[in-house]
Amino acid sequence: MAQQATREFTSGPLYRVAEALYRVLGPTAGFLVACLPFAFALAAGRAAVIWAVVGIAIGPAWTALLYATRSVHEHPERGAFRAFWRGYRLNWLDTLKVWAPYWLLLVAAATDILMPSTPLVLRIVIGAVAAVSTVWMSAVLLIVSRYSFRTRDALRLGLYLLFAAPRSTFTNLALLLVAGGVIYSSSELLLGLLAGVFALFAVTAAKGAFELLDEGFTASSTPKTADTATDTAASSDAAQ
C-alpha cells in the first residue's frame, strides 16, 4: 500500500511540475552564487575595469549551468545543485581559455560604443561584430560544457556549428536578443534569475549540434556527463 501511494505521488502532475522546476532552479542557484562577485560590482557601480575582472567568472558559471542542465535531464535522480558544481570543476579551466580573452575584448568594445565621441557608423560596426562573436562564443561554450577538445579546436568547431547547426545558432541569437531586452527593460538581476531557462533552451536546441560532433569529431562517444566513473571526456580526432 505504501509503495503504491509513493508511485502515485511521484507520477502525479504536481510532483512532475515540482521536479521540472527543481531541474531549472537548482542549477540556477549555483549560477547565481558563482556570479556574486559580478553582481556586487554592478550594485556598487564600479568602473569598467572592475567589471572586466570580476565578469570573467561568468564564463565558467555559464558552462557549469549548461552542463548541469543537460545532466539533470539525462539523469533526473542526480542532484541539480551538485551537478552544477561538478560541471564547474570539470570545465572552469577550459572555459577560461576561451572566455577570458573574449570577455575582456567585449568589455572594451562596449566601452567604445558607449563613449559619446564614437561615430555612429563605428558604433554600428562594433555592435554587429560583438553580436556575431557572442553567438559564436555561445556555441563554443556549449562545446566546452560537453567535450574536452583543445582550445583551438573548440573555437574552430564553434564557428563550424554556426552554419552546420542552424537551429542552435538561431536559438542562441534569439536568446541574445531576449537577454538584451531584459537588461534594457528591467535589470541584470532578472536576467540572472532567468539563466536556467536560457540554458534549457540552449541545451535543447543544441541536440543536433552535439550529434554532429559525436559522429564526426570525437574519438569515442564519451562526452562529459555526470554518470561517468571518472572525470574523463571525449577527445578530438578531427578538427584539424
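Predicted model: local features only at pLDDT ≥ 70, side-chain atom pairs only at ≥ 80, totals over all residues.

How do the residues of the lining of the second largest pocket divide into nonpolar, polar and charged? I got twelve nonpolar, two polar and one charged. (Ala, Val, Leu, Ile, Met, Phe, Trp, Tyr, Cys and Pro count as nonpolar, Asp, Glu, Lys and Arg as charged, the others, Gly among them, as polar.)

Residues are numbered from 1 along each chain as its sequence is written, and side-chain values use heavy atoms, with hydrogens and water left out.

I looked up that pocket's lining: 15 residues, with Pro-101, Tyr-102, Leu-105, Leu-106 and Ser-133 nearest its centre. Helix 6 gives the largest share, seven residues. (Helices are DSSP runs, H or I, of at least four residues, numbered from the N terminus. A pocket is an open set of points on a 1 Å grid over the protein atoms alone, where a 1.4 Å probe fits, with protein on both sides within 12 Å along at least five of seven lines; lining residues have an atom within 4 Å of a point.)

Next, the largest pocket: 44 residues line it, and Ile-58, Trp-103, Leu-106, Ile-183 and Leu-191 lie nearest its centre. Helix 6 (residues 80-114) gives the most here, with ten residues. I noted 36 nonpolar, seven polar and one charged in this lining.

Last, I checked helix 7 against helix 9: their crossing is right-handed (the near helix is turned clockwise from the far one by less than a right angle).

Notes
Helix = DSSP H or I, 4+ residues; strand = E, 2+ residues; numbered from the N terminus.
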